[in-house]
Amino acid sequence: MTTGQQAVADSVASADGQAPYGGDPVELPGRVQAENYDTGGDGVAFNEEGWFDLGDDYRDDRVDVEASDGGGYNVGWIESGEWLEYTVSVQQAGTYNLSARVASDDFWGGGGAFSVKVDGQDVTDTVEFGATGGWQSWENVSAGQVELTEGEHVVRVTAEADKWNFDYLDFEFADDEEENVSADLRTIGFDETKAGEVGTDDPDADRFGVLYEPVAFDVDTGEAARITMSPATEDVDVALNLVAPNGTVVATADGSGSTAELATRFSRSGEYTIAAGSAENVSFNYTLTTERIEPVGDLESIGVGETKTGAVDTLDPTADAYGGHYEAVALSLQAGQTVELDATPDATDDDANVRLVAPDGSVVASDTSADRTAALGPYTADTAGEYEVVVSSGDGQAFTYSLSVSAVQVDDPASDLRAIDVNDRRTSQVDADDPSAAKYGGSYEPIAINQSIGYKDRVWINLTAADGSTAGNVTLVGPDGTVAATSTQDGASSTIYTQLTNDGNYTIIAASEDGTPLNYTLSVGRAPWNLVGPDEKVTGEVAKFDPVADRFDGRYDRLDIAISRSREPYGRVTLEADDPTATARAYIVRNDGTVVAESDASGPEAIAAHQLDSSYSYDMVLASGGDDSFEYEMSYFVDADGRVDDTADLRSIGTGEREAGEIGDDDAIDLDFGGYYEPVNLSATAGETRQVTMTADDDGAAAHLYLVDPDGAVVAESTGDGSTAELTHRFAQSGEYTIAAANAGGTTLGYNLSVNGTDTTDLRSVTFGEKLFGEIDEADPSAATYNGSYEPVTVSAEAGQEVAIEAVMNSEPSDPASIDLYLVDPSGTVVATAGEYDEALIGPTTLQQTGEYTIVVGGTAPDGFDDLFRYNLTVNRPQDLPDLRSITVGETKFGATDRFDPTASEYNGTYEPVTFDGTAGNAVDIELRSDEPNTRTELYLVDPNGTVVAKARAFTVDQTIPAHVLNQTGEYTIVVGADAYEGRFDYSLSLTRP
């Protein structure tokens with residue numbers, strides 16, 4: 001017999017005290033409910049790995065049973081190795097189709113696995129399944145066929161993986177004479193009609209009805225289709241779902257006894273899945289039709305003072321936040337400009353919603369009352385840029401509409417703001433007529449919160465200064481008159497996220513930062529219970545009923561981190577348990593599931609810190625490190641500048657290179673490496689020998705090096721305990737090694753790291769555009785003309801060509817040390833020379849002859865190198881260097897600064913001037929990006945008069961000049977400068993409108 005169709009014995013394998021739940025065995029064919037396992041207790045009728053009985057009290061034992069969303073119960077919190085047994089009574093011997101109804105969450109679960117025995121014999125292999133979309137999103141998974149004899153048997157279900165839920169087993173008698181053979185439909189193309197049959201042999205999933213057929217449909221981005229599913233009979237309720245390549249359901253349609261139809265525009269290329277199913281557990285025939293259609297004319301942009309028409313239909317994008325399909329219409333506004341908007345459907349029975357979305361993606365005004373006409377405003381723009389008017393349906397239906405944007409003349413605010421509602425947004429002005437107090441920095445407005453808020457409520461408060469006003473700050477005062485929270489400032493915006501500790505009346509203090517008049521907008525809202533804002537403290541509890549995850553070492557609480565879209569802050573999570581014996585763990589988890597930071601403590605306090613990326617969202621995970629339960633206080637801190645510090649993280653190095661790095665408390669920590677360290681990648685080939693040297697900036701530091709092979713094993717460690725650490729290793733395998741540069745004496749430490757080969761490398765030829773490595777040693781030729789040992793490197797060239805030659809010493813420089821360059825023409829005459837401390841540059845030089853030139857590399861070695869030094873040599877034609885000199889709005893281009901670009905003291909050395917044509921009143925974003933490590937860059941914007949009007953000089957590689965409004969029309973210049981090691985810096989430059 002084959003696996004999955006094994007005969008089982010007649011005898012029932014029972015244990016002492018084991019009996020069917022309820023007294024009678026489950027009759028087969030039929031359904032075995034997961035929660036109705038036999039009585040007899042742990043080790044007899046079941047095996048339970050957890051210590052606590054999680055879920056509902058359906059059974060008074062340790063098995064984790066919970067109520068199902070659709071009624072009844074299921075077994076949850078499953079761990080690998082657990083098993084359940086069921087006594088059954090087979091009414092008819094024969095072959096049975098076996099399936100299980102299961103569920104697993106996409107993020108915390110990810111799928112599951114199980115196996116089945118009957119009377120102690122395996123009747124299935126391990127049955128694996130993927131995530132189903134949620135803990136209560138059920139799918140039926142086939143486990144194959146088994147042969148059963150008539151009479152009583154014991155069925156055991158064993159968990160082969162963690163984190164899934166189990167609802168029931170189905171044993172369906174397989175009738176060999178009337179086998180159900182479905183006409184499976186699995187693929188379809190555009191403008192095709194095909195027949196299919198949904199049958200009991202098709203997959204089963206709640207989110208697609210019940211039974212369904214998965215039909216593959218290949219499309220390209222921007223194409224649109226109408227998809228129609230028609231049942232052969234009128235007594236079938238059909239369900240039609242369209243699933244994107246990433247597994248997300250992007251469109252649905254139902255048909256009660258009739259046709260189901262949907263239309264959509266595809267936002268990505270790839271293989272979509274049409275889930276053609278039914279809302280009932282029945283078999284039926286159907287036809288599926290796909291029709292290529294042209295999208296209805298969309299409204300893409302509108303200006304102030306204009307009225308335009310558009311259409312929201314099923315081809316438009318969809319978002320739950322907007323209630324379904326919507327159109328996003330671009331609208332350019334200047335800071336301080338005030339407008340009113342209204343969207344009116346053409347049909348009297350249609351309803352419209354309208355939202356105004358700021359350039360940073362936040363909804364700043366809305367009318368979602370679902371009346372026929374949606375009106376918004378007056379609204380005054382806080383910043384200049386491209387806003388979006390989002391028009392959507394109030395009842396989920398497609399409709400055509402007209403959209404109007406009108407300018408409004410608004411006088412300066414004259415009345416004082418003294419009260420505000422939760423979930424409200426108001427404007428006002430702090431001026432000399434308002435009360436004043438030194439503790440608030442001068443004049444302020446006291447604003448009462450109207451609604452009742454109190455103990456453990458979580459609120460957010462935002463004050464945004466109008467364009468041209470001084471920055472403001474906001475303070476929350478509690479019912480007892482004490483300060484309950486103060487704001488975190490981000491440019492013109494000041495925000496409070498806080499959990500309240502008392503009941504009563506709260507007051508918001510809106511104040512000017514420097515006492516000058518302040519025009520501002522104030523918003524108040526309730527924060528979700530699990531959303532934690534910057535510089536906020538919250539309390540909570542890791543309890544026995546919280547979920548368990550191996551990746552978090554036990555039970556955990558999960559909170560969302562609120563970060564600004566306008567910056568990329570450095571977030572630090574500090575967790576302190578109230579139990580001094582507890583083991584606390586803190587993690588920062590990105591929304592793709594990656595743990596980006598975790599604590600290393602083993603006591604009641606834990607700290608995790610990470611540089612956050614505003615293109616992601618993040619969770620804090622606060623864990624017990626086991627089954628401990630404890631109350632805690634958690635603090636989330638964001639540094640004031642939105643960045644960690646000026647730490648230069650070093651993450652990779654090549655042979656022959658010397659790079660700078662800095663070990664800081666934002667780096668990784670490992671006690672095996674003595675504390676904080678930087679992991680630096682090094683590619684190596686088996687058989688090579690390399691020498692790694694780390695030199696600390698602080699003579700009193702304790703530098704240390706470890707070399708970790710591609711398998712994660714430490715294969716070499718430095719000797720010595722001073723400011724210089726060195727190791728030499730011959731690589732046993734090829735791959736990516738990691739150099740752990742550690743500071744055994746503390747946290748912050750600047751250092752230099754160099755990697756060199758130990759074998760003599762003679763360089764004898766080079767071609768234009770190459771960068772090669774060489775080594776001068778006692779085996780090289782020697783001549784007094786070249787001050788001792790030298791390497792002759794040949795290059796072929798033609799008369800009239802220009803050449804630029806650069807040599808840089810890679811050995812650790814220390815006096816006396818120098819490198820010399822000589823260019824010798826085909827006749828043997830030296831035509832150019834150069835020599836400096838640790839680098840030499842010839843060029844540009846025009847060659848007079850055609851033939852083989854010789855580049856002579858010589859010089860004196862640093863102390864301690866025994867007349868030997870390593871260098872790299874670069875030969876270029878200046879015209880081949882990638883100079884960038886112009887760009888237009890909407891473009892991204894690539895360039896490189898080098899020694900042959902212009903220089904100017906006001907730009908701190910070499911730079912590239914990149915011009916573009918600008919128009920007065922337009923705003924631009926300028927972004928400089930590069931993968932070059934350890935390079936400080938500078939970015940300047942120069943207007944047509946030659947005046948620097950904006951600049952970015954952060955201590956990083958990437959620089960941004962955001963949303964700069966041009967003050968005149970003409971040719972602007974973007975100046976790109978870089979303090980690049982070895983003189984060259986490759987970059988990309990983007991010029992866009994906000």
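What follows is a walk through the fold of this chain, from the overall picture down to single residues. The model is a predicted one, so local features are given only at pLDDT of at least 70 and side-chain atom pairs only at pLDDT 80 or more, while totals for chains, interfaces and linings use all residues. Residues are numbered from 1 along each chain as its sequence is written, and side-chain values use heavy atoms, with hydrogens and water left out.

Let's start with the whole chain. It has zero helices and 79 strands; here helices (H or I, at least four residues) and strands (E, at least two) are DSSP runs, numbered from the N terminus. Of its 994 residues, 48% count as buried, where buried means under 20% relative accessible area, exposed means over 50%, and partly exposed is in between (1.4 Å probe, protein chains only). The accessible surface comes to about 43,800 Å², with 43% of that belonging to carbon and sulfur atoms; such areas come from the Shrake-Rupley method with a 1.4 Å probe, and for residues only the protein chains shown count as cover. Among contacts (heavy atoms within 4.5 Å) with a separation of 6 or more, 73% are between residues 24 or more positions apart.

Next come the nonpolar cores. A nonpolar core is a set of buried Ala, Val, Leu, Ile, Met, Phe, Trp, Tyr and Cys residues joined through side-chain atoms within 4.5 Å. In soluble globular proteins, nonpolar side chains tend to be buried together. The largest core here has 35 residues, and Phe114, Phe166, Leu169 and Phe171 touch the most other members. At least two residues of this core come from each of strand 6 (83–90), strand 7, strand 8 (112–118), strand 10 (127–129), strand 11 (134–148), strand 12 (151–159) and strand 13. Leaving aside residues up to four places away in sequence, Leu169 touches several others, including Val32, Leu98, Val155 and Val157. Another core, of 27 residues, lies apart from the largest one, and Ala251, Ala276, Phe284 and Tyr286 are among its members.

A pair of aromatic rings is described by the distance of the centres and the angle of the planes. Rings of Phe, Tyr and Trp (its six-membered ring) pair if their centres lie within 6.5 Å; planes under 30 degrees apart count as stacked, over 60 as edge-to-face and the rest as tilted. By this rule there are 11 aromatic pairs. Tyr96 and Phe173 make an edge-to-face pair, at 5.3 Å centre to centre with 75 degrees between the planes. This pair links distant parts of the chain, with Tyr96 in strand 7 (residues 94–104) and Phe173 in strand 13 (residues 165–173), 77 residues apart. Tyr96 is buried at 0% relative accessibility, whereas Phe173 is partly exposed at 28%. Phe190 and Phe217 form a tilted pair, 4.9 Å centre to centre and 55 degrees between the planes. Phe190 is in the loop between strand 13 and strand 14 (192–198) and Phe217 is in strand 16 (residues 212–219), so their pair ties together parts that are 27 residues apart in sequence. Both Phe190 and Phe217 are buried. Ring pairs also join Phe114, Phe129, Trp164 and Phe166 into a cluster.

Some rings have a charge over them, meaning that NZ of Lys or CZ of Arg is within 6 Å of the ring centre and within 35 degrees of the ring normal. The charged end of Arg292 sits over the ring of Phe190, 3.8 Å from its centre, and that of Arg59 sits over the ring of Tyr37, 3.9 Å from its centre.

Finally, there is an open sheet of five strands in the order 24-25-30-27-28, with antiparallel pairing; two strands pair if DSSP finds at least two bridges between them. Strand 24 (318–319) and strand 28 are at the edges with a single partner strand each, so one side of each has no neighbour in the sheet. Strand 27 (residues 352–357) is mostly covered, as six of its six residues are buried. Ala352, Val354 and Leu356 point one way from strand 27, and Asn353, Arg355 and Val357 point the other way. Six antiparallel bridges pair strand 27 with strand 30 (residues 385–393), where Val389 stands opposite Leu356. Strand 27 also forms a hairpin with strand 28, with five residues between them, and Gly361 in the turn has a positive phi of about 95 degrees.
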